[in-house]
Amino acid sequence: MPCDFPSLGHKRQCCFRSDCWNTSLLGALRNPSTWRLLCQEAKPCRKVPSLRYQISDNLSDTLKKLKITAVDKTEDSLEGCLDCLLQALAQNNTETSEKIQASGILQLFASLLTPQSSCKAKVANIIAEVAKNEFMRIPCVDAGLISPLVQLLNSKDQEVLLQTGRALGNICYDSHSLQAQLINMGVIPTLVKLLGIHCQNAALTEMCLVAFGNLAELESSKEQFASTNIAEELVKLFKKQIEHDKREMIFEVLAPLAENDAIKLQLVEAGLVECLLEIVQQKVDSDKEDDITELKTGSDLMVLLLLGDESMQKLFEGGKGSVFQRVLSWIPSNNHQLQLAGALAIANFARNDGNCIHMVDNGIVEKLMDLLDRHVEDGNVTVQHAALSALRNLAIPVINKAKMLSAGVTEAVLKFLKSEMPPVQFKLLGTLRMLIDAQAEAAEQLGKNVKLVERLVEWCEAKDHAGVMGESNRLLSALIRHSKSKDVIKTIVQSGGIKHLVTMATSEHVIMQNEALVALALIAALELGTAEKDLESAKLVQILHRLLADERSAPEIKYNSMVLICALMGSESLHKEVQDLAFLDVVSKLRSHENKSVAQQASLTEQRLTVES
């Protein structure tokens, strides 16, 4: 059943779209147990004196009379008929709605919804009531009721506005096409204006909020919302609320709107962040369920606002902003929700090199490592993931890598090697890969860590978790590429990692293919004898033949495949495989390749193959 006030679409869940834990703010906001049905009893707007009109006990007679009075518009008779219908709907909505549909009276309602009509509020009320029934919504649309109802949103009469909002909401319940139609008819700016004008009217305010929350589900609505002063109106309204339920309803609107980057910035400029920080401060020490929920919702919404580049940078303020400083204080908190939100916030602030460098220079790494240390044994998985996300992002600037390695980040991260949670595994792998980029000593140290390499080989087979599997392969390759160490190669060979690097060369992602080929070329150049059997059993030569013959292969893949072929010629068994597959035919065709580097390497490879044949 739809809610009694506008339900302009079903609720949806929305996840944080960041490189952080997939926390669902809207999941909490949209929990069905938190939805309120804004009900209104279907009853006459006023009592009609019995001397002027007696309500017939027979609904059929009333519908017949209404057909006549709707045409000649005899005011008293018309009002009385409408009152009778409202009473009948209150007693048995479904049965009455069926009779209304069968009577054909819906088609007459459009003429009674004009701005001049004295009974437009009652007609809109009746439409709202019948549209509670799914079978009545299409007939209401077919009767042409949407357009006149939309026009009535320009009325100054608050009762008319309320009943019109209910009617439109219930007609368009759970219908994306009808919601889109309303958006195209310009209801969003109109409703935003109504919210500003009638903010003292609780029922109208609630009607607008429910409508906003549902219309915001459509991506097409965001541009219209962004062109209004919705952010200013919502923040103004939020500041006035002290009741949990009222704040919760505004949160339900803010969350989907805050998915839009332009609106994020508008909300920040309107002062929403200060409101959220105040909520956190008020609720952090409370053990009441409502306060805990509000603390979570408020801190999650803070993180959501940081997903926009402009809004994030505005709040960072060169690392001196009050908001950034407040967020820093959340990390050492004893409250898991604040620890999570603080780490996620840092991960989002760490989305450009300047911010990352500033934060590392000012001790954020130590704070994050302390936080991780508190969650090693039976810790909070979401906090682990968030802190690792932050460290990964901070490790991207070249200048930060050595500093973070010296601070002991590698050791702190490796404590979570035993984790069985894929999200934590994924971020652990990414953090290590960022740290060893162009750091030969660190790459060699990690590459000789047998426990780490064995765990990587295990995760390379995690087919149920593509992200973990991909990152494991990439880290294996990175250990070889950045260390260029024979010892690292031997450790990987002994742990059974070669077959995964060969498989990685067939990845659908060019960057992964290339990383695998470079690592395999280093293996062939530095430790071919050790890896020979594994390369052979993994059918590397056949894979290289396919990559060279495939016209879709990227130029860098063809180039590095030929470099690798030349390196493999040092193995008698692999050399024989190359000869058996007639590589010369494939390579000679590449001499005319449009990419000069590929063409030159093809000439060199052809010469090598000819000499070695």
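## Helices and overall make-up

The protein chain in this predicted model has 38 helices and 0 strands. Of its 613 residues, 58% are buried.

Here's another way to look at the chain: take the contacts with a separation of 6 or more, and 74% of them come from residues 24 or more positions apart.

In soluble globular proteins, nonpolar side chains tend to be buried together. Here, the largest nonpolar core has 203 residues, and Phe 109 and Ile 346 are the ones with the most contacts inside it. Which helix gives the most to this core? That's helix α33, spanning residues 510–537, which puts in 12 residues.

Let's zoom in on Phe 109. Leaving aside residues up to four places away in sequence, Phe 109 touches Leu 66, Leu 85, Val 123, Ile 126, Ile 127 and Leu 145.

Helix α11 runs over residues 187–197, and its buried residues are Val 187, Ile 188, Leu 191, Val 192, Leu 194 and Leu 195. Why do we say that these line one face of the helix? Look down the axis of α11: the buried residues fall within an arc of 160 degrees, so they line one face.

What do the buried residues of α11 pack against? Their partners are α8 (146–152), α9 (158–171), α10 (176–184), α12 (202–215), α13 (219–226) and α14 (230–240). One of these partners, α10, holds Gln 179. Gln 179 has 0% relative accessibility, so it counts as buried. Gln 179 and Leu 168 are 11 residues apart along the chain, and their C-alpha atoms are separated by 9.5 Å.

## Two helix pairs

Two packed helices are described by the angle between their axes and the distance between the axes. Take α9 and α12 to begin with: their axes come within 10 Å and cross at roughly 30 degrees. Angles under 35 degrees count as roughly parallel, and that makes α9 roughly parallel to α12. Their crossing is left-handed. On the α9 side, the contact is made by Gln 158, Leu 161, Leu 162 and Gly 165, while α12 brings Ala 203, Leu 204 and Met 207.

Now try α27 (residues 422–436) and α29 (residues 450–459), whose axes come within 13 Å and cross at roughly 125 degrees. Are these two parallel or oblique to each other? They're oblique, and α27 passes α29 in a left-handed crossing. Where they meet, α27 brings Gln 425, Leu 428, Leu 429 and Leu 432, and α29 brings Leu 452, Arg 455, Leu 456 and Trp 459.

Helix α36 covers residues 572–580, and Leu 574, His 575, Glu 577 and Val 578 are buried in it. These residues cover an arc of only 160 degrees around the axis, which puts them on the same side of α36. On the other side, Glu 572 and Asp 580 are exposed.

The buried residues of α36 pack against α33, α34, α35 (555–568), α37 (583–589) and α38 (596–612). Between two of these partners, α34 and α35, there's a loop that contains Ala 554. Is Ala 554 buried or exposed? Its relative accessibility is 17%, so Ala 554 counts as buried. The C-alpha atoms of Ala 554 and Gln 513 are separated by 9.8 Å, with the two residues 41 residues apart along the chain.

## Residues with positive phi

Most residues other than glycine have a negative phi. Which value does Glu 317 have? Its phi is positive, near 50 degrees, and it is a residue other than glycine. You'll find Glu 317 in the loop between α19 (309–316) and α20 (322–330). With 49% relative accessibility, Glu 317 counts as partly exposed.

Lys 539 isn't a glycine, yet its phi is positive too, at about 60 degrees. Lys 539 sits in the loop between α33 and α34 (540–549). Then there's Ala 582, which follows α36 and has a positive phi near 55 degrees.

Notes. Residues are numbered from 1 along each chain as its sequence is written. This is a predicted model: local features need pLDDT of at least 70, side-chain atom pairs count only at pLDDT 80 or more; totals for chains, interfaces and linings use all residues. Side-chain values use heavy atoms; hydrogens and water are left out. Buried means under 20% relative accessible area, exposed over 50%, partly exposed in between (1.4 Å probe, protein chains only). Helices (H or I, at least four residues) and strands (E, at least two) are DSSP runs, numbered from the N terminus. The arc is that of the directions from the helix axis to the C-beta atoms. Contact means heavy atoms within 4.5 Å. A nonpolar core is a set of buried Ala, Val, Leu, Ile, Met, Phe, Trp, Tyr and Cys residues joined through side-chain atoms within 4.5 Å. Axes are lines fitted to C-alpha atoms, for helices over the stretch in contact, and angles run from 0 to 180 degrees between N-to-C directions. Angles under 35 degrees count as roughly parallel, over 145 as roughly antiparallel, 65 to 115 as roughly perpendicular and the rest as oblique. A crossing is left-handed if the near helix is turned anticlockwise from the far one by less than a right angle, and right-handed if clockwise.
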